[in-house]
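Subject: Structure handover and findings

Hello,

Please find the structure below. My notes on it follow, and they are meant to be read with the model open.

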Amino acid sequence: MAKFTLREEQALKVEELLKKMTVAEKVGQLHQLSPSIVGGFDVSFEELIEMLTEGRITNEEFGQMMEGAERDFHEEEIREGRIGSFLLDDPEKANELQRIAVEESRLGIPLLIGFDVIHGFQTVFPIPLGEACTWNQELFEASASIAAKEASSHNIRWTFAPMVDIARDARWGRISESPGEDPYLAGVYSRAKVRGFQGKEPGGQEHIAACLKHFAAYGAVESGQDYNTVSMAHSMLHNGYLPPVKAAVEEGAMTVMAAFNDYNGVPCTVNPYLLRKVLKKDYGFEGFVVSDATAIKECVAHGIAADLADASKKAIEAGMDMDMNSHAYHNHLETQVEDKTVSIETLNEAVRRVLSVKMALGLFERPYVSEEEMKRYEELPKEHKEAALETAKRSIVLLKNEQVLPLRKDQKIALVGELADMPMEVLGAWSLGGREKDCVSIYQGLKDAGASVTYQTCCGPESDFCKEALMEAAEDADVIVAVVGETSAMSGEAASRSDLTLPGQQQELLKEALATGKPVVAVLMNGRPLALAWEQEHVPAILECWQLGIEMGHAVADVLFGAYNPSGKLSCTFPAVTGQCPRYYNHPSTGRPAGKSKFTSRYLDAPLAPLYPFGYGLSYTEYRYEGFQLKETETAVLAQVTVRNEGSYGGEETVQLYVRDVTGSLVRPVKELKGFQKVRLSPGEAKKVLLSVEKKDLGFYNDEMEYLLEDGEFIFYVGGNSRDCMEQEISLKF
Ligand code: GLC
């Protein structure tokens, strides 16, 4: 794939259209709206929500007001050509609004319908943090392709995904939507997602425009607090956070969404360094940038704009092309262009970008969906559900197993934990298209697998522990499977947590389950790394199962009974205690790396090492690495290692290759992932695995965004995770 750009004849059509458009119609293309809620109350819906949040009205009063409320789709403004995009999942309504735009407005420019299709639409896949644990770019692409088919059948032709924020702080709730902490793995993920959403040619009817978000470094919010400030050296931004964005722009991504946070004191929404210099100039991005929801208006709260008019001017001049729901451009930009506060060239450039994406998507030729298309996925196709199951199984990470797993079908299972029987909880954050009828809970999955299982809730993330229920369930059981973790609402947007231990009394449930003397398996359902030091010490088997999407129950059953040998590898570090956050593997050494001496970089009251490192994941079998060697060629370094399956289960291992640049003109991470390869091995089988790292990929950016390749010593590491590796040193000259 190549960077997004228009074919010549399409570019000409855009220029012809631009010439015909009035300033008002041009501003209209930059205005995105969601249906507003009106009626039943005499304030704005936003004000009503504030009144409810501040307790100025009760839930009952709010409910009564909502009974009389309707959704306003702003048809008249569409007819006047003053709206360019709508955030909507309602295919009939989308067709209706599209018909107004295309057949009743003066120039007939179609609307771009966008929606959050983050990890599947009706076929909901694992949360991205979980899917990233598959380390499988074919699966990354396939799930996006299926999501695009289903979303486009609802006339959604633009998704606000992939979210490619590098996330190193598990307190931040949106880590669940991210591909984790590593720029290389996130780059593989972001490229695959763009291919899956947009297809080889973006104009395909079952393809949708991707949207790289959130630009930039949203995952680095201070103290893991959502929407908080972000400060870092430009070199850290370019080496540690932007690689997945750069990769996806090269792959052809058509849109980018700016982040809510400021970057070094300038909100991303109005940040010309990010939008104009890095993205549009250095990366050569020719698609368009959309703000996050109401983010232009929020520049007033940030303290960078005096009022909405000031925010409008600052945003458009910084390179913000489309305004999501602030009404800043809608209310002020036409006047600002007419009184020359904002140049017509600045306006034209933004409009050109928006029209280019609409043209490339084929919206001018095919603005509607047929009745048949709308109904196509009412019942999910078998192959969509199979894809969801395949991805879900491979997202599961075995964290610990002291001869408890896999289970046998003749074992009587006591299944406990509220999350085990809550079908919609398998979906996780940002699963707006998910339907309960398609969701398979863990309880259902065990029953479908023919398990001998009795179920008792006993305890949940927000419900108290009931010892009697546990005793009743465990009485004649052979093994206790305890499903513990977080509700979907405990991660995702506006869901930062200051304490990463299991919420509520779930640890109590585990303690009492262990006290029965029966083997206990902890099945985790969660949207972020948790602080599980106690669990790791006491629970004999621990499976990280995330929120795996509609096929969760079947995937967990397949792994519990060994029908699938778990192969997932962590996309993010698990801290031993919350206080270690942010915790990630690719950190600098410091001048006093942690050691026995007091005067080294460590804690008095906690271990320095994380509980589970990036790339970690066990199997029902054992893999042994031997014979690691390096070979230098003119342009690359080749790493070869033999991996042997020493156990009695066939399985798939992800062989990981890390590199350390020992000395540089900037301090460099102690390890950086530079390649990986998946290998299937039968019991007793050994295979030679060859990995190649291009020498040009061993450089780094400085603060001036210069890419430096510096001669010197490099250490190459190979292994099944970022901690337990074999190593070889090599001197390189570039
Ligand atoms: C939200 C999120 C963004 C999402 C947008 C539209 O606030 O930050 O990721 O795409 O609004 O729903």
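Which side chain of opposite charge is nearest to Glu-373, and how far away is that side chain? Before the answer, two remarks on the basis of these notes. This is a predicted model, in which local features need pLDDT of at least 70 and side-chain atom pairs count only at pLDDT 80 or more, while totals for chains, interfaces and linings use all residues. Residues are numbered from 1 along each chain as its sequence is written, and side-chain values use heavy atoms, with hydrogens and water left out.

Glu-373

The nearest side chain of opposite charge is that of Arg-376, 4.7 Å away. Lys and Arg count as positive here and Asp and Glu as negative, while His and the chain ends are not counted. A salt bridge needs a side-chain nitrogen of Lys or Arg within 4 Å of a carboxyl oxygen of Asp or Glu. Glu-373 has no salt bridge, although the residue is buried. Buried means under 20% relative accessible area, exposed means over 50%, and partly exposed is in between (1.4 Å probe, protein chains only).

Glu-373 sits in helix α17, residues 371-375. Helices (H or I, at least four residues) and strands (E, at least two) are DSSP runs, numbered from the N terminus. The side chain of Glu-373 does make a polar contact with the side chain of Gln-205, at 3.4 Å. A polar contact is a pair of N or O atoms within 3.5 Å; within protein, one must be able to donate a hydrogen and the other to accept it, and residues adjacent in sequence count only if both atoms are side-chain atoms. Apart from neighbours within four places in sequence, Glu-373 is in contact (heavy atoms within 4.5 Å) with Ser-153, Gln-205 and Tyr-368.

Domains

The protein is divided into domain 1 (8-35 + 73-117 + 156-374), domain 2 (382-580) and domain 3 (623-732). These bounds come from an automatic or database domain assignment. Taken over C-alpha atoms, the centres of domain 1 and domain 2 are 37 Å apart. Between these two domains, 19 residues of domain 1 are in contact with 18 residues of domain 2.

About 1,400 Å² is buried between domain 1 and domain 2, and carbon and sulfur atoms give 55% of that area. On the domain 1 side, Ala-170, Arg-171 and Glu-181 lose the most area to domain 2, together 31% of what that side buries. Buried area is the accessible area (1.4 Å probe) that two parts lose on being put together, summed over both. The rule finds 1 salt bridge across this interface, and 13 residue pairs in polar contact, both residues at pLDDT 80 or more.

Salt bridges

The total count is 57 salt bridges. One of them joins Lys-280 and Asp-321, with 3.0 Å from N to O. Lys-280 is in helix α12 (residues 272-282) and Asp-321 is in the loop between α14 (308-318) and β12 (323-324), so the pair ties together parts that are 41 residues apart in sequence. Both Lys-280 and Asp-321 are buried.

Another salt bridge joins Glu-486 and Arg-528, at 2.8 Å from N to O. Glu-486 counts as buried because its relative accessibility is 1%, and Arg-528 is buried at 0%. The salt bridge between Arg-7 and Glu-9 has its closest N and O atoms 2.9 Å apart. Arg-7 is partly exposed, at 45%, and Glu-9 is partly exposed, at 43%. There is also a network of salt bridges that links Glu-141, Arg-191, Arg-195, Lys-200, Lys-246, Glu-250 and Glu-251.

Backbone

The peptide bond from Ala-161 to Pro-162 is cis, with omega near 5°. Pro-162 is in the loop between β6 (158-159) and α9 (183-198). Lys-213 and His-214 are also joined by a cis peptide bond, with omega about 0°, and His-214 lies in strand β7, residues 211-215.

Trp-135 is a residue other than glycine with a positive phi, near 50°. Trp-135 is in the loop between α7 (128-131) and α8 (137-152), and is buried because its relative accessible area is 1%.

Regards
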